[in-house]
Amino acid sequence: MASTFNTLYLDCLSDEVLLKIFKYITDLKDLFTLRLLSERIAAVAQDMSVAHTVICTRQYWLKTGMLKMYIEPILDKMHTLDLNYCYWINLEELTCLLRCTNLRALHLMQVKIDEASLCKMLSQLPHLTSLSISIRDIEKFNQEVNGCKAVQECLSRIRKLSIHFWNHKKYTEDNFEQLVRFSSGSSFVDYFHSMEELYVYGCANNVRCFPLYYFNPAVENVNSLKNMRVMSLNKSYDDASTILFYSLLRSVCMVGVQLRTLLQPTYDFNLEWKERDYLDTMDDMKTLVHLDISGSQQRIYNGIFNFTSATHLQYLNLSGNNTVDSESLLFLSRCCPQLVSINLHSCPSIFLRHAFGYLGRDFNNDPLVKDLTGFQSLLVQCVKLVHLNISGYHIHLTDLNSPSFSSITALLSLKPNLISLSLSHCCLYTGDNCPSSGLRNPKFNTRCSSCYLPVIGGSGSPKCTYKATPDKFDIQKLIRATPEMEHFELYAAYHQSNFNHPSGLLRHPRNVSQCLAAVIVPYDELRYVGLWNKLKTLRLTGLKGNKLADFFKAIAGGCVSLESLSISSTCSRKSLKLKRLPCFPKLKDLRLEHPYFPVDEDMLSSIAQCPKLERACIISHIENIDSFAIKQLLTNVPRLVNFQLFSHASERKCFNLMAYISEELSQSRPDLSVCICNLRTFDLELMITEYLPDIHIEEMTLLRSRVATSPRE
């Protein structure tokens, strides 16, 4: 009756009023429902002002046949069609796109379409200017482009291109030349005549491969790239994506283009830094707004990057740079006051400075002094700074040079506008049990290389003898002072996880002991996280997981906006009291990693009660898993599109579960991707890439710090 009343009410409104209302509806599911109310309402909903943009990204409810049903009536009206990450859409549904002659933007990232069909589609789109595609065989794609004049003309009009390489074959030095030119004759990059923005994505599971001579230009006529303003490479370790990006970057530098965005996170240049065209490009950074040089060991002060000219810089990623110290932050705060987001993940010297300063010092022998002035200046001078990542380092401060601040969290409390924050557990500590550690000598090897605390004797990795007590942690003040917080992480230094290897999808953690501050953080302090009612993402690592039940109950009632929850705990004994997971009303992504996490009926049924849950990843070392409960979860929760379970269960049991899913659910739910494997399986990485789409591997399987890893826009 209510549905009939709503339909009649809408029928009483004029077409002009309905059209004005429908323009504010952006959710595809709501627009799809309008088509079913009445013929008149459906006709209004198909008006060009409403139907010109169709966004299907992450619309997992869009089953087979529904996409074609929706876009068939508006083929001539669509200007933008976004199907990124719709990996379950089949090629048959995409054939209707051949009639979308007015399409300006087409996004098909991680959509299964072969190179020949893709080029056939591009040849029928005369107005296309923005394109996102996934390529399996770059040589075949290049052959298709060279064989069709219409495709070449289409690429010449493209202004914004996103190209993703998946499951691409690896290249050696023997066939590298073939990769650079992609085949004999012209390469498809030679048709980039109007290119302004280039985004390159690679697989996260490939080993790192950088041939010595890959930095050669890839375009015959480099002047065709004179309009380039944005160049981005994701954190990949894929041969094809890396070589394509850097060869094009060299071509762009030869033209002398002033870039607006340069994101290149995977390579630390050595000899290539000496190329004059590259140095000239980086010397003038006045137009640069976004810069990512993570993994590079280039110095901020007097380096090849002229930060004194980067007055408009808003995003900066320096993660993994060991040369960034307190003086570097002080220099950045004066040169780049417009910073909105900065990533200092795994920068171990940000709270240290060299005792003798920059002039005439020996970088290898100059002792380090603990200093907070650079970080303080960054917080004060960069008033627009709202996204900050200072996690993954290990140091305990003796003196913060100010009686007003007892900890890093107390200092951060002065930034009430913070939206995204990632911390190391050391930031929560309010003191130091080693007062003699104010001066750190690099040659003194009997102390921890990170915090200068005494090293426990014996072979193996150094272990920190730091003794913390719960009353020395301070996080409540930070939580109460930052009510706008949306994304928060506690990312422990040297945390050991099954899938947090820096080189991609590798199981084996680094053999380094994590800071004991992570283990001793009291859950009585963490329960105040529940005060963040706007929090959308919560990621905690390294905690001792014996009191997770109380923690979940404390935050479930307060974090009403939580959409993503990731917990990676360590525990040496079977003391986990968590039996059921409380209901989180808006939770979409759940990742739980604990050696003794139960996979039984009670736990899985509680997970199923989260009304919006779409993806779940469970990593446990238990051997007994409830196969029937897993089948019930996957069968009775149709909104679940990705389920990952890694345990020590027998390989036969895992195989039987995967066989059941393939037989019973693959046809009716093509969007469902499941991976149930034994952690000890020899070829686990290969199985994961076979069963799971890249988007789920990157966002769910891999454990990484994600705050300030890319520009927010």
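1. A word on classes before we start: Ala, Val, Leu, Ile, Met, Phe, Trp, Tyr, Cys and Pro count as nonpolar, Asp, Glu, Lys and Arg as charged, and the others, Gly among them, as polar. On that basis, the lining of the second largest pocket holds twelve nonpolar, five polar and five charged residues.

2. Please keep in mind that this is a predicted model, where local features need pLDDT of at least 70, side-chain atom pairs count only at pLDDT 80 or more, and totals for chains, interfaces and linings use all residues. Residues are numbered from 1 along each chain as its sequence is written, and side-chain values use heavy atoms, with hydrogens and water left out.

3. Back to the second largest pocket: its space comes to about 570 Å³. Of its 22 lining residues, those closest to the centre are Lys 112, Leu 672, Ser 673, Glu 690 and Tyr 691. Two or more lining residues come from each of helix 23 (651–664), strand 23 (673–678) and helix 24 (684–691). (A pocket is an open set of points on a 1 Å grid over the protein atoms alone, where a 1.4 Å probe fits, with protein on both sides within 12 Å along at least five of seven lines; lining residues have an atom within 4 Å of a point. The volume is the space filled by probe spheres set on the points, which are joined across faces, edges and corners.)

4. Arg 58 sits in the loop between strand 1 (53–55) and helix 6 (66–71). (Helices are DSSP runs of H or I with at least four residues, strands are runs of E with at least two, and both are numbered from the N terminus.)

5. Gln 110, also not a glycine, has a positive phi of about 60 degrees, and its place is the loop between strand 3 (105–107) and helix 8 (115–122).
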